[in-house]
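Hi everyone, thanks for coming.

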Amino acid sequence: MSDVQIKQAETIRLPPRLPSNPTLADIHHYLSKAIENRGVVVDVSWMHPGSASEYSLRVQCSPRGADAEWSMFVIASGKQTLVWTYVSCDVLLVYNLVMSSCGGASQAEHGAGAGAGRVPKTESTFYKIEGLTAPSPAGQAKAEPPNLPPNVPEARMRNRSALTGDIKHVQAPTLLQSILMAQMTGCLAVSLSDNTVEIYFVNGATTHAQSENTVGEETIFELLTWKSGEFHFEPDKRSDANTISQNLDSLLLQGMQLLDYDAYLSNAGLRPSSVLIKQHSNISEKDFETMVGSGAPVQLALQKRFYKAVDGRMTVEQLVSKMHLPRSQWLPVMCNMLRCDLLAIGINKENNTKAPPLEPKSIDKRAIQNVMMSLRRTDTGMFTYPAFLYFLEQEYFRAYRSSSPISIVVFQMRLKGLDSQDPVREPLPLDAVGEAVRRISRVKRHVDLLAHYETFDYALLLPNTKSQGAEVFCRRVIKALTIEPLIDKSVKATLSLAFGSACIPEDATDPALVLSAAEVASNTALRTEQPLVLYRDIK
């Protein structure tokens, strides 16, 4: 630890002083306060049980956005000393850093012993980070220092932390991202019934994974489907195998898409014992390619091979086993087959002798398509503004009954002249709008709705999505729109994006007010030249 001088800044002190260590809910509350008052320091202090020292935790969010910056101090004998600083919005990780630092510091005050630095397990501790003894200079007593975040040089030298817990309390993506952020090296083992998943990390990067039935990236996809399972992280345990080539963020994104596919198939009634039936007995290769072209971008050769293997007798489980397809391949293929009206779900008659055999009812997909197209603009393929308002009203009624959130995104896509002083932004040409629609469609979920908004702007309706989820989604859309030019390079203009998001019920409970809030956020983004502004962040 090093002495520091604290800059005088506008500070919100949360009275009274806490009687004991802050809980996870407390830290979440401090982060909310910091987000509501960007640029202002939120400060809270407490006394650690059994210690004569006072602790202080400060959090500040920059007015320009980005993650929150946390600082923890210990105050002893009138002297204030910095324990660590960390930049993150992961309150669970910050909570564990606070708990481990309090434990380590208090033990150090009384003379470190064998158990110094350990975080006491309480009912509110979802998982814990245990500091292990680090080598101390010769001639000095060995004291257990508190855990430090990975942006502190000492922590990189002794990043030896153990995590234990159950993923029914900590979601698998949060757990994996915590290991990545802490740049940990070792093996994460998660056990459920007779199956165990092992994932190896080197400085936070995944290198190898395996389970009873999978190896490599498929193992991570399998873990994301688990709702419970005890986990333990063993530091410094390594494997010579190298079965993962993609980074963890990319794998988590793919895993979330696979979960969406799995949910779609479950809602459609697909079971391992279901039988797939071809909707078209004789279909030409050209017609097949045309029909699957309207679905998700899945390898065409794989879709053809899958379709040919369907015989109307094998169950889904038998078909997947015969083709030796992992979940990451057969889930999107099967979704495409159902969505594009190439396959239907039947019943395995051999296992249902008591009930009469069922055949799928013929549904005229063209009639449905004609209705949907009547609600879209022919030049862009997007829903019209009145259609958007209709779907918003219907979704609002569903959300009201189920107490689920809705996020609305209003955004502008314009062309800005190369002269930065020119305030005029022109609408995108139709070919550029078409390319933008294709890119957004590849990123959004099937339940999300893309539409025109009034005359020149656009809107997204995101069911069952909170503000935080809308922010993550919008950043993916922005990345998709800017990764390559939408317009011809010869055009002397740049793309100007301004996304504004608001949420029901976080920002308002009335759809009309939420639309207004999203508009205000979008206009604020345009005025401040930020690509994305959430209404809750506007002061």
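Let's begin with Glu 395, which has a relative accessibility of 15% and so counts as buried; buried here means under 20% relative accessible area, exposed means over 50%, and partly exposed is in between, with a 1.4 Å probe and protein chains only. Before going on, please keep in mind that this is a predicted model, where local features need pLDDT of at least 70 and side-chain atom pairs count only at pLDDT 80 or more, while totals for chains, interfaces and linings use all residues. Residues are numbered from 1 along each chain as its sequence is written, and side-chain values use heavy atoms, with hydrogens and water left out.

So which residue does Glu 395 meet in a salt bridge? The partner is Arg 398, at 2.9 Å from N to O. A salt bridge here is a side-chain nitrogen of Lys or Arg within 4 Å of a carboxyl oxygen of Asp or Glu. Arg 398 is partly exposed, at 41% relative accessibility. Both residues sit in helix 12 (residues 385-402), 3 residues apart, or about one turn of the helix. Helices, by the way, are DSSP runs of H or I with at least four residues, strands are runs of E with at least two, and both are numbered from the N terminus.

Next, Asp 448 pairs with Arg 445 in a salt bridge, with the closest N and O atoms 2.7 Å apart. Is Asp 448 buried or exposed? At 4% relative accessibility, Asp 448 is buried, while Arg 445 is partly exposed at 26%.

There is also a network of salt bridges linking Glu 285, Glu 289 and Lys 304. Over the whole structure, the search finds 13 salt bridges.

Now for the nonpolar side. A nonpolar core is a set of buried Ala, Val, Leu, Ile, Met, Phe, Trp, Tyr and Cys residues joined through side-chain atoms within 4.5 Å. The largest one has 84 residues, and Leu 57, Trp 84, Leu 176 and Phe 306 have the most contacts inside it. Helix 2 (residues 91-109) supplies the largest share of this core, 9 residues. Another core, of 28 residues, lies apart from it and includes Leu 460 and Phe 499.

Finally, the overall view: the chain has 15 helices and 20 strands, and 45% of its 539 residues count as buried.
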